[in-house]
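Subject: A structure for you to look at

Hi,

Here is the structure I promised to pass on. Have it open while you read, and I'll go through what turned up in it.

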Amino acid sequence: MPERGIMLFRRRDRQTAADQAEVDQIVDTWHRTCEAISLTHDVDTVSGVTHIVPRIEFVVLGPPTRLTVRLTPGMLPEDISAQGRRLARSMGAVGLRVEPRGLSHVIVELLDTDPLADTLPLPIGPITGPLLLGHDEHGQGVTAHDPLPHLIAAGSTGSGKSSFAYSMLAQVSDRLKAGEPARVSGIDPSSVLLRPFPGAVLGLSDPGRIERKLAELVAELDRRLTAIPHDRDTLPVSPTHPWHLIVLEEWPAVLKAADGFDKKLGTAVRAHVSRLLAESRKVRMSVFMLVQRPESALIGGFERAQLGLRVSFRIDAEGVKLLHPEADPTIAAEHTTAAPGVALLSTSGTPAQRIRAPFLSYGEYVERVAA
């Protein structure tokens with residue numbers, strides 16, 4: 001049995017027997033759940049293995065209920081956060097927020113509403129630091145590494161994918177205005193997303209122009225490869241070689257249009273993009289691919305392996321599995337009905353996490369880029 005006699009505080013004049021019973025239930029459920037999900041410190045003893053769980057030392061009844069928890073030896077706050085979904089469900093909460101307290105304690109807040117429920121406006125510019133991808137379930141900003149890895153954003157109509165793209169490009173525009181060496185180009189069949197940026201290919205009326213644009217980008221890649229200094233393995237960003245963000249909007253539609261026009265053209269388009277994904281990041285060129293639904297027939301294993309940053313808004317279960325195979329099955333299943341603006345984010349070497357992406361309307365996006 002878990003320990004008893006936990007200290008209790010509640011915002012009213014006196015504690016009652018019902019309060020103590022609620023605390024006892026919280027402690028008991030916490031203890032059992034930690035054992036069930038192996039959130040324990042295991043010690044070999046003469047009588048067998050003893051499972052030591054992180055100990056609740058103080059409870060503030062809510063809402064929201066807050067637990068002061070002593071970590072077991074070797075345990076980190078991140079270990080609690082990683083199991084937050086399961087702990088929260090077992091304890092009748094929607095989610096957890098974990099805050100470190102010194103070296104050995106954390107404050108665990110039981111949330112009765114989704115921490116990503118509120119819309120996240122894009123901060124007023126200019127934003128010239130790391131690109132803001134969104135906020136995580138703990139309210140912390142999630143930013144992209146610089147230079148930006150190759151990125152794919154997926155999501156059905158109305159899921160928040162377009163607003164995410166607006167917020168990303170608005171931040172790049174802020175960098176341009178601040179004098180940073182940067183450039184935006186790409187292909188946009190809708191003629192909406194890249195309209196504020198000169199040099200992009202808009203529309204699908206001339207599939208041959210799409211192939212020629214991609215061939216130009218590959219030629220730029222080759223020129224940059226020859227410019228890498230002999231004592232380095234990457235090309236420094238400079239006014240001569242600015243960071244170049246290549247946006248491929250509604251990419252499956254582009255591929256289908258190229259295939260329908262000429263199979264050889266479709267093959268050439270795929271080959272150009274494969275080269276860009278494989279080699280361009282070392283010369284400070286980043287590919288930003290947007291799709292409504294990821295399909296293995298259009299985005300193969302090679303391409304997915306090169307896309308080091310994957311963001312999925314509301315999509316079907318197969319799409320989640322394709323882009324986030326490491327995601328917890330419960331999170332993956334729930335994500336098929338995610339609210340607009342809520343996304344799954346995966347980066348190389350880290351598990352998938354839920355984020356709330358910044359919101360920016362199209363009018364605000366155009367105004368911010370043009371300002």
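**What I found**

The buried residues of helix H11 pack against helix H4 (161-177). "Buried" here means under 20% relative accessible area, while "exposed" means over 50% and "partly exposed" is anything in between, all with a 1.4 Å probe and protein chains only. Helices (H or I, at least four residues) and strands (E, at least two) are DSSP runs, numbered from the N terminus. Contact, the idea behind packing and touching, means heavy atoms within 4.5 Å.

Before going on, two bits of housekeeping. This is a predicted model, in which local features need pLDDT of at least 70 and side-chain atom pairs count only at pLDDT 80 or more, while totals for chains, interfaces and linings use all residues. Residues are numbered from 1 along each chain as its sequence is written, and side-chain values use heavy atoms, with hydrogens and water left out.

**Back to H11**

Which residues of H11 are buried? In this helix, which covers residues 362-370, they are Tyr365, Arg368 and Val369. Looking down the axis of H11, these residues fall within an arc of 95°, so they line one face of the helix. (The arc is that of the directions from the helix axis to the C-beta atoms.) Exposed Glu367 and Ala370 sit on the face turned away from that buried side.

**The whole chain**

There are 371 residues, and buried ones make up 50% of them. The chain has 11 helices and 19 strands, and its C-alpha trace spans about 75 × 50 × 40 Å along the principal axes. If you take the contacts with a separation of 6 or more, 65% of them join residues 24 or more positions apart.

How far can you trust it? pLDDT is the predictor's confidence in each residue, from 0 to 100. The chain averages 89, and 96% of the residues score at least 70. Go carefully with residues 1-6, though: pLDDT stays under 50 there, and the model has 16 contacts beyond four places in sequence for them. Where pLDDT is low, the predicted coordinates should not be read in detail.

**The sheet**

An open sheet of 10 strands runs in the order S10-S9-S18-S17-S16-S11-S15-S14-S12-S13, with mixed pairing. S10 (141-143) and S13 (201-202) stand at the edges with a single partner strand each, so one side of each has no neighbour in the sheet. Two strands pair if DSSP finds at least two bridges between them. S17 (residues 342-347) and S18, for instance, run antiparallel and are joined by 4 bridges, with leucine 344 standing opposite arginine 354.

There is also a hairpin to find: S2 and S3, with 2 residues between them. S2 (residues 41-45) and S3 (residues 48-52) pair in the antiparallel sense over 5 bridges, and aspartate 44 is opposite valine 49.

**The nonpolar cores**

A nonpolar core is a set of buried Ala, Val, Leu, Ile, Met, Phe, Trp, Tyr and Cys residues joined through side-chain atoms within 4.5 Å. The largest one has 38 residues, of which Ile187, Leu214, Leu248, Trp251, Leu276 and Met289 touch the most other members. Apart from it lies another core, of 37 residues, including Ala153, Leu169, Val311 and Tyr365. Beyond four places in sequence, leucine 248 is in contact with Ile187, Leu214, Val273, Val287, Phe288, Met289 and Leu290.

Where is arginine 356? Look in strand S18 (residues 353-356). At 8% relative accessibility, arginine 356 counts as buried. A polar atom of its side chain lies 2.7 Å from the backbone oxygen of proline 340. (A polar contact is a pair of N or O atoms within 3.5 Å; within protein, one must be able to donate a hydrogen and the other to accept it, and residues adjacent in sequence count only if both atoms are side-chain atoms.) Arginine 356 and aspartate 136 are 220 residues apart in sequence, but 6.5 Å apart in space, C-alpha to C-alpha.

Arginine 224 lies in helix H5 and is buried at 4% relative accessibility. For arginine 224, a polar side-chain atom lies 2.7 Å from the backbone oxygen of proline 242.
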